[in-house]
Amino acid sequence: MAQLTDDCFAFGGRLIPVAEALAELRGRLAPLTAMESVPLRAALGRCLAEPLTARLNVPPHDNSAVDGYAVYFDDLPAEGEVRLPLAGRVAAGHTLDGPARRGTAIRIFTGAPMPSGEGNSGPDTVMMQEDCREEDGHVVIPAGIKRGANRRAAGEDVRQGDSLLRQGQKLRPQDIGLAAAQGLTELPVHVPLRVAIFSTGDEVRDPPAPLPAGGIYDSNRFTLAALLDGMGCAVTDLGILPDDRQAITQALDRAAGAHDLLITSGGVSGGEEDHVKAAVEALGSLYFWRLAIKPGRPVALGQVKGTAFIGLPGNPVAVMVTFLRVARPIIERLSGAEESEPRLFPVLAGFDYKKKQDRREYVRVRLERRGDGQLVAHRFEQDGAGVLSSMVAADGLVELPEEATRIAAGSVVPYLPFSEVGL
C-alpha cells in the first residue's frame, strides 16, 4: 500500500525548515489501517485502533471506602455520641441479607456494597472503625461526620457511555487496567508498522568482526532498531550495504514490497560515494534531502515503489536527533498513532552560544539544579555529530529556533527532555 502520493514537491537546493517539511508530509502521509485484536496482556505499548467507550459503571454499585459502620446520617445527632445496635455484617463481594433498618448500624468493610434500606433509601454514611467502639452488640458513634462520608458512589470512577481511551493512543499500564475494569479481555490495536533498516558504507562493520584500516563498528542500526522497538514497530535488519549504487538499489527494491517504511543511515549527502539518493530516485521519488537542522542536514524523504523512505545522516548523533524530531512524527502518522508534539520546558542556559540564522539547532545538555531550585542546562563541549557518548551523558536537548542567532548564559531556552520522546 502506498503511503505517499507520487507528486514530488521538490525544493531544489534550499534548506527546508523542519516545521515546513513536516507540515508538507502530514498532508501526504496516510496512516495504515490494518488492525488486530490482542489480549490485554499483549496490548502494552500498542496503538489503539478504535476509541473505547464505557459499557458499564465503575464501580457498579455504591460501596464503602473504609472499614467501619454503615449508618443512616439522619440517625446521628448533631452533638454527642449515639449508641446503635449492630444489625448485620457485609464484606466485599457479598451483600447484606435483607434491608438495613433505620436506627441500626451495619458492620461494613472496604469495597463492600452499601446495604439497601427500607423503601428507596438506605444507609448513606460510613463511620471509620477507628472513630467508633463496640459495646455489647452495639456501636458507639461520635458526632461530627458529614452526610455521605466514606461512601463511594456507583459510577464515581467511570460512567456508562463515558469516553475512556482515544483512538491512536499508545496504551499504558493504566489504560489496560481501565479496559479490564470494563470486563474486556482484548483490545483492537493497529498492526505494527513493518520497518526495514540498513546502514551503508564500505568502512562500516558489524561487531565483533575485525576492523580493517579505516573501519568503524556500526552503531546506527542498533540505535535505530532500539528506537523503533520503543515505538512498537516490527523491525527487519537488512545489515550493511557497500558504497555501491547497484547493490543499494537492489536492496531497496527487494525490501519495498514487504515493508511499510524503509530507513537508511548514511549515503544521503552529495558526495561521490553517497549512492542512496540516486537509488531512491531510480526506484521512486525523492521529495527532499536537505533540512535546515543541526546536527543532521542531509535527511531524505521519498518513496520506493510506493513504500515510504527516510534516509538519515551517517553520524550517530545526527541519526538520533533527526530520528527524534523528523522520523518519529512520520512513523507516528504511518502507524495510526496519535501525533503528539513533544513538550518543551523553559530552563536557564548555562552557556553562551552562537548559531546561524534560519537553521534549527539541537544542543546536547545535562541539567543541574541551583540552590534556588532553578534548572540550568549545561552544554557538552564536545558537540560533534559523531560524539555518541554525549547523547549517553545528556539529559535532553536544548532546541534553538531558526530565528535565534545568539544565546547568552542565564537566558531562558526551550528544553526537550529525552523522556518526552520515549528515551
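Is glutamate 361 buried or exposed? Select glutamate 361 and find out: it is buried, with a relative accessible area of 2%. Here buried means under 20% relative accessible area, exposed means over 50%, and partly exposed is in between, all with a 1.4 Å probe and protein chains only.

Before moving on, know that this is a predicted model, in which local features need pLDDT of at least 70, side-chain atom pairs count only at pLDDT 80 or more, and totals for chains, interfaces and linings use all residues. Residues are numbered from 1 along each chain as its sequence is written, and side-chain values use heavy atoms, with hydrogens and water left out.

**Stop 1: charged partners**

A salt bridge is a side-chain nitrogen of Lys or Arg within 4 Å of a carboxyl oxygen of Asp or Glu. A search of the whole structure finds 29 salt bridges.

Now select arginine 360 and glutamate 402. They make a salt bridge too, the closest N and O atoms being 3.2 Å apart. This pair links distant parts of the chain, 42 residues apart: arginine 360 is in strand 24 (residues 360-369), while glutamate 402 is in the loop between strand 26 (396-400) and strand 27 (406-407). Strands (E, at least two residues) are DSSP runs, numbered from the N terminus. Both arginine 360 and glutamate 402 are buried.

**Stop 2: strand 26 and its partners**

Select strand 26 next. Five of its five residues are buried, so look for a strand that is mostly covered. Strand 24 pairs with strand 26 in the antiparallel sense over five bridges; two strands pair if DSSP finds at least two bridges between them. Pick valine 365 and you will see glycine 396 of strand 26 opposite. Strand 26 is also joined to strand 28 (residues 412-417) by three bridges, and these two run antiparallel.

**Stop 3**

Which strands make up the open sheet, and in what order? Six strands form it, in the order 7-4-6-5-9-8, and the pairing is mixed. Strand 7 (125-128) and strand 8 (133-135) stand at the edges; each has a single partner strand, so one side of each is left without a neighbour in the sheet. On average, neighbouring strands of this sheet are turned by 40 degrees against each other, direction ignored. Inside the sheet, select strand 5 (residues 82-90) and strand 9 (residues 138-141), which pair in the antiparallel sense over four bridges. Leucine 84 has valine 139 in strand 9 as its bridge partner.

**Stop 4: rings**

Select phenylalanine 351 and tyrosine 353. They form an aromatic pair that is edge-to-face, 6.3 Å centre to centre and with 90 degrees between the planes. Rings of Phe, Tyr and Trp (its six-membered ring) pair if their centres lie within 6.5 Å; planes under 30 degrees apart count as stacked, over 60 as edge-to-face and the rest as tilted. Phenylalanine 351 is buried at 6% relative accessible area, and tyrosine 353 is buried at 10%.

Now show arginine 221 with phenylalanine 222: the charged end of arginine 221 sits over the ring, 5.5 Å from its centre. That wording requires NZ of Lys or CZ of Arg within 6 Å of the ring centre and within 35 degrees of the ring normal. Arginine 221 also forms a salt bridge with aspartate 218, the closest N and O atoms being 2.7 Å apart, and both residues are buried.

**Last stop: a loop**

Where is aspartate 202? Look in the loop between strand 13 (194-200) and strand 14 (204-205). Aspartate 202 counts as partly exposed, at 46% relative accessibility. Leaving aside neighbours within four places in sequence, aspartate 202 is in contact (heavy atoms within 4.5 Å) with Pro242 and Asp243.

Methods: Axes fitted to C-alpha atoms, helices over the stretch in contact; angles between N-to-C directions.
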